[in-house]
Amino acid sequence: MSALFDFKSFLVTLLFFICTSAYVKMKAPSMVDPYRTGVRGVFWKAARVGERLSPYVSLCCLFMAF
């Protein structure tokens with residue numbers, strides 16, 4: 001099954017996307033620009049969620065690991 005059709009796989013994919021975006025913003029901030037539209041804008045929004053809600057995101061990652 002594709003990750004888009006299985007809810008658990010979709011949540012794992014979404015968490016990985018948020019964590020990866022926050023990591024890329026930390027290591028290479030020029031790649032994630034808040035004034036961009038399209039893909040770079042989506043990466044910025046995901047990175048913002050990862051930064052501001054990091055305790056909740058990490059708890060969700062731990063929950064999904066089990």
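## Packing of H1 and H2

Helix H1 (residues 7–27) packs against helix H2 (residues 39–52) at an angle of about 95 degrees, and their axes are 7 Å apart. Axes are lines fitted to C-alpha atoms, for helices over the stretch in contact, with angles from 0 to 180 degrees between N-to-C directions. H1 and H2 are therefore roughly perpendicular to each other. Angles of 65 to 115 degrees count as roughly perpendicular, those under 35 as roughly parallel, those over 145 as roughly antiparallel, and the rest as oblique.

On the H1 side, Phe17, Ile18, Ser21, Ala22 and Lys25 meet Val42, Phe43, Trp44, Ala46, Ala47, Arg48, Val49, Gly50 and Glu51 of H2. By class, this contact of H1 with H2 has nine nonpolar, two polar and three charged residues. Ala, Val, Leu, Ile, Met, Phe, Trp, Tyr, Cys and Pro count as nonpolar, Asp, Glu, Lys and Arg as charged, and the others, Gly among them, as polar.

## Basis of the model

This is a predicted model, in which local features need pLDDT of at least 70, side-chain atom pairs count only at pLDDT 80 or more, and totals for chains, interfaces and linings use all residues. Residues are numbered from 1 along each chain as its sequence is written, and side-chain values use heavy atoms, with hydrogens and water left out.

## Packing of H1 and H3

The axes of H1 and helix H3 (residues 54–65) come within 10 Å and cross at roughly 140 degrees. H1 and H3 are therefore oblique to each other. The crossing of H1 with H3 is left-handed, meaning that the near helix is turned anticlockwise from the far one by less than a right angle (clockwise for right-handed).

Lys8, Leu11, Val12, Leu15, Ile18 and Cys19 in H1 meet Val57, Cys60, Cys61 and Met64 in H3. By class, the contact of H1 with H3 has nine nonpolar residues, no polar residues and one charged residue.

## Overall form

The protein has three helices and zero strands, and from the N terminus on its elements run α-α-α. Helices (H or I, at least four residues) and strands (E, at least two) are DSSP runs, numbered from the N terminus. The C-alpha atoms fill a box of roughly 35 × 25 × 15 Å along the principal axes.

Of the 66 residues of the protein, 18% count as buried. Buried means under 20% relative accessible area, exposed over 50%, and partly exposed in between (1.4 Å probe, protein chains only). The protein exposes about 5,300 Å², with carbon and sulfur atoms supplying 70% of it. Among contacts (heavy atoms within 4.5 Å) with a separation of 6 or more, residues 24 or more positions apart account for 52%.

## Selected residues

Ser21 lies in helix H1 and counts as buried because its relative accessibility is 1%. Beyond its neighbours within four places in sequence, Ser21 is in contact with Phe43, Ala46 and Ala47. Cys19 also has its place in H1, but is partly exposed, with a relative accessible area of 32%. Cys19 and Ser58 are 39 residues apart in sequence and 8.8 Å apart in space, C-alpha to C-alpha.

Met31 lies in the loop between H1 and H2 and counts as partly exposed at 48% relative accessibility. Leaving aside neighbours within four places in sequence, Met31 is in contact with Val24 and Arg40. From Met31 to Phe43 the C-alpha to C-alpha distance is 9.0 Å, at 12 residues apart in sequence.

Notes. Areas by Shrake-Rupley, 256 points an atom, 1.4 Å probe, with all protein chains shown as cover.
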